[in-house]
Amino acid sequence: MAALRGTLLLTRPKSSLAGSCLADRCLWDRLHAQPRVGNGPTFDWFFGYEEVQELLLPLLQEAPAASPPRVLDVGCGTSNLCTGLYTQSPYPVDVLGVDFSPVAVAHMNSLLQGGQGQAPLYPRHPDSHLRFMQADAQNLRPVAASGSFQLLLDKGTWDAVARGGLPGAYQLLSECLRVLSPKGTLIQFSDEDPDVRLPCLEQRSPGRTVAVQELGPFRGITYFAYLVKGYY
């Protein structure tokens, strides 16, 4: 969580965030409305798609060939995780990015359609799809049926929600596991130490295996990919 907290403090005055709850939608609306550092159309906490594509692509390659695997990015913000999958994956993929910030969702939908002075985004594979919708990751029922996604991505969302209390983070995990297919994979990207995160995931993910993979370091920080998988 240190990386997320440090990035936020660099983005906004320290006094405005010292007592802020990162589970507060209004805070994220304000942050997403700010001009992007470096004038790029997307902004990533931790790291972007390029740093984890070697982890994600094999999971897509293993998916059944009958239809593109469905991927859900919870708390997508204005990250390039969804757009990277859509524009760079050589395998077909059906991606849905959800965020509770309408500002973030509007920005990403505009980017997808060619707004903000950018060219429209096109898939690398002709059967790939990408959508963005406003939704609360702690209550995905309006947008996701049970067992409907083969791959779930959580890049820092648990970390942010947990700042408002662990019950919220546990509800987030419960919803992710509800919409995950029985043989699907949930990946939580975080800088939180495995000694802290693994017991939470193992206790709250019955019937699934939990593993961790070290990532980076990126910009001097080591991250972890926590993989929660169904039994095959």
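The protein chain in this predicted model contains nine helices and seven strands. Of its 232 residues, 51% are buried. Turning to contacts between residues at least 6 apart in sequence, 75% of these join residues at least 24 apart.

Helix H4 spans residues 49–61 and helix H5 spans residues 81–88; their axes come within 11 Å and cross at roughly 60°. An angle of 65 to 115 degrees would count as roughly perpendicular and one under 35 degrees as roughly parallel, and H4 and H5 are therefore described as oblique to each other. The crossing of H4 past H5 is right-handed. On the H4 side, the contact is formed by Tyr-49, Glu-50, Val-52, Gln-53, Leu-56 and Leu-60, while H5 contributes Leu-81, Gly-84, Leu-85 and Gln-88.

My second topic is helix H9, residues 194–204. Here Pro-194, Arg-197, Leu-198, Cys-200 and Leu-201 are buried. Why do these residues lie on the same side of H9? They cover an arc of only 165° around the axis, and so they share one side of the helix. In general, an α-helix has 3.6 residues a turn, so residues three or four places apart point the same way.

What does the buried side of H9 pack against? Its buried residues meet helices H7 (157–162) and H8 (166–179), together with strands S5 (180–190), S6 (208–218) and S7 (221–230). On the face of H9 turned away from that buried side, Asp-195 and Gln-203 are exposed.

Technical notes. Residues are numbered from 1 along each chain as its sequence is written. This is a predicted model: local features need pLDDT of at least 70, side-chain atom pairs count only at pLDDT 80 or more; totals for chains, interfaces and linings use all residues. Side-chain values use heavy atoms; hydrogens and water are left out. Axes are lines fitted to C-alpha atoms, for helices over the stretch in contact, and angles run from 0 to 180 degrees between N-to-C directions. Helices (H or I, at least four residues) and strands (E, at least two) are DSSP runs, numbered from the N terminus. Angles under 35 degrees count as roughly parallel, over 145 as roughly antiparallel, 65 to 115 as roughly perpendicular and the rest as oblique. A crossing is left-handed if the near helix is turned anticlockwise from the far one by less than a right angle, and right-handed if clockwise. Contact means heavy atoms within 4.5 Å. Buried means under 20% relative accessible area, exposed over 50%, partly exposed in between (1.4 Å probe, protein chains only). The arc is that of the directions from the helix axis to the C-beta atoms.
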